[in-house]
Amino acid sequence: RSNFTEVILSGVGELAGVTRASLPQFGDDFTGAVVLSETALDFGISTPASPVEGAFVAKGATLAMTGEITLNVEPANGRLKTGSYTLVDVAATQGVSGWRLNLVGVTDPRGRAKLVVSGGKVVLEVAMSGVVLVVK
């Protein structure tokens, strides 16, 4: 079985019945459909300035999956850091009935996390919880 994860795919086409781990990278000019057979995607995050490990970026593609999709997010050192993390960035989604956030290995739950979905973009927003003091 070949591993195409180092290949950059461009042009028009459809990839069907594949898993996220077996996908190539997508060039900026790729358009078409990516049909994943999974119902969960895994991500690793560290800081907002760092790339999201496992981010699914194919801005010209339609991502097709079935049902509610679980997004397993594991923050570095078990701590959520304030910021925005783009998990999925595609032209559109198809067959997805919803997105469910599953935080993995969080040992310091001070940050409040929520998913923001807009079109084909799914972003994890982390805000610090606690008391805000405003001094004038």
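Predicted model: local features only at pLDDT ≥ 70, side-chain atom pairs only at ≥ 80, totals over all residues.

A: Residues are numbered from 1 along each chain as its sequence is written, and side-chain values use heavy atoms, with hydrogens and water left out.

Q: How many helices and strands does the protein chain have?
A: Helices (H or I, at least four residues) and strands (E, at least two) are DSSP runs, numbered from the N terminus. Here you get 0 helices and 9 strands.

Q: What share of the residues is buried?
A: Buried means under 20% relative accessible area, exposed means over 50%, and partly exposed is in between (1.4 Å probe, protein chains only). In this protein chain, 33% of the 136 residues are buried.

Q: What do contacts say about residues 24 or more positions apart?
A: A contact means heavy atoms within 4.5 Å. Of the contacts in the protein chain with a separation of 6 or more, 62% come from residues 24 or more positions apart.

Q: Which side chains meet in a salt bridge?
A: Look for a side-chain nitrogen of Lys or Arg within 4 Å of a carboxyl oxygen of Asp or Glu. The structure holds 1 salt bridge, and its partners are D89 and K59, at 3.8 Å from N to O. This pair links distant parts of the chain, with D89 in strand β7 (residues 83-103) and K59 in strand β6 (residues 56-75), 30 residues apart.

Q: Are D89 and K59 buried or exposed?
A: D89 counts as buried because its relative accessibility is 13%. K59 counts as exposed because its relative accessibility is 56%.

Q: How many aromatic pairs are there?
A: Rings of Phe, Tyr and Trp (its six-membered ring) pair if their centres lie within 6.5 Å; planes under 30 degrees apart are stacked, over 60 edge-to-face, and the rest tilted. That rule gives 2 aromatic pairs. F26 and F30 make a tilted pair, 5.0 Å centre to centre with 45 degrees between the planes. F26 and F56 make a tilted pair too, at 5.9 Å and 50 degrees.

Q: Which residues form one aromatic cluster?
A: F26, F30 and F56 do. Both F26 and F30 are buried, and F56 is buried as well.
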